[in-house]
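I opened my notebook to record what I looked up in this structure. The entries follow in the order I made them.

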Amino acid sequence: MTDQSSGWHPVTKGLHWLFVILLLCVWGAVELHEFYDREDPMRGWLVRLHFSLGITVLLLLVLRLYWRARHKRPQVEGPGWQRALSSLLHGALYLVLLVMPLSGISMRQLFGRDTEFFGLFALPRLLEKNPDLGKQIAFLHKEVFWPALLILVGLHIAAALWHHFVQKDNTLTRMLPQR
């Protein structure tokens with residue numbers, strides 16, 4: 001294990017900001033597709049982009065969790081309750097980042113649809129068609145996991161800003177890319 005007690009490893013920072021960009025793109029693709037008619041090829045392209053980026057988030061999450069297991073975090077500043085809350089928030093974020101793409105893939109398979117990865121290949125079908133279960137998973141994906149992700153990301157941003165402007169410590173600046 002590598003110790004990064006003074007700051008975050010550049011790979012950790014890169015993955016963090018890559019997640020930010022990817023999540024904005026995943027969200028943008030699914031929102032933008034609504035502006036197109038069902039028959040418009042652009043709508044289908046944006047939906048496929050949403051799925052492909054979601055799968056990318058899942059793959060990068062696996063990489064991120066592997067990296068985190070191999071490299072120690074920098075020393076977390078603040079009292080014990082803040083460190084515990086930070087761990088809880090990060091754990092919840094990782095969990096939701098895991099269930100969002102898994103529920104999206106499951107939903108597609110339960111509706112009997114293929115899920116392609118950037119047009120390169122389709123994911124193997126692991127679930128039999130079951131539209132009723134697919135509707136339940138779709139509800140969780142859109143109405144439970146998505147708002148949970150927004151809340152957790154909002155709390156993460158709020159905590160970083162609180163550390164920067166109220167605590168006036170270097171928690172936020174340690175995660176910023178090098179200038």
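**Entry 1: the aromatic rings**

I began with the rings and found that ring pairs link F117, F118 and F121 into a cluster. The model is a predicted one. I searched the whole structure for aromatic pairs, and the search gave 2.

I took F117 and F118 first: their ring centres are 4.9 Å apart. Their planes stand at 70°, so I wrote the pair down as edge-to-face, since planes over 60 degrees apart count that way. The other entry was F117 with F121, a tilted pair with 5.5 Å from centre to centre and 40° between the planes.

F118 has a relative accessible area of 41% and is partly exposed. F121 is also listed as partly exposed, with 43%.

**Entry 2: the whole chain**

I then stepped back to the chain. It has 4 helices and 2 strands. Reading along the sequence, I noted the pattern α-α-α-β-β-α. The C-alpha atoms fill a box of roughly 50 × 35 × 30 Å along the principal axes. The chain has 179 residues, and 35% of them count as buried. I also looked up the contacts between residues at least 6 apart in sequence: 71% of these join residues at least 24 apart.

**Entry 3: α1 against α2**

Two packed helices are described by the angle between their axes and the distance between the axes. I looked up both values for helix α1, residues 10-32, and helix α2, residues 41-70. The angle is about 160° and the axes are 9 Å apart. Therefore I recorded α1 and α2 as roughly antiparallel to each other, because an angle over 145 degrees counts as such. The crossing of α1 past α2 is left-handed.

Which residues of α1 and α2 make the contact? On the α1 side I listed V11, T12, L15, L18, F19, L22, L23, C25, V26, A29, V30 and L32. On the α2 side I listed L46, L49, H50, L53, G54, T56, V57, L60, L61, L63, R64 and W67. Sorted by class, this contact has 19 nonpolar, 4 polar and 1 charged residues.

**Entry 4: α3 against α4**

α3 passes α4 in a left-handed crossing. In the contact of α3 with α4 I noted 21 nonpolar residues, 10 polar ones and no charged ones.

**Entry 5: two single residues**

I looked up I151, which sits in helix α4, residues 131-167. Is I151 buried or exposed? Its relative accessibility is 54%, so I151 counts as exposed, the cut-off being over 50%. I151 and L93 are 58 residues apart along the chain, and their C-alpha atoms are separated by 9.6 Å.

P124 lies in the loop between β2, residues 121-122, and α4. At 56% relative accessibility, P124 counts as exposed. P124 and D114 are 10 residues apart in sequence, and from C-alpha to C-alpha they are 8.3 Å apart in space.

Key:
Residues numbered from 1 in each chain as written. Predicted model: local features only at pLDDT ≥ 70, side-chain atom pairs only at ≥ 80, totals over all residues. Heavy atoms only, no water. Axes fitted to C-alpha atoms, helices over the stretch in contact; angles between N-to-C directions. Parallel < 35°, antiparallel > 145°, perpendicular 65-115°, else oblique. Left-handed = near helix turned anticlockwise from the far one by under 90°. Contact = heavy atoms within 4.5 Å. Nonpolar A, V, L, I, M, F, W, Y, C, P; charged D, E, K, R; others polar. Phe/Tyr/Trp six-rings, centres within 6.5 Å; stacked < 30°, edge-to-face > 60°. Buried < 20%, exposed > 50% of the residue type's maximum accessible area, 1.4 Å probe, protein only.
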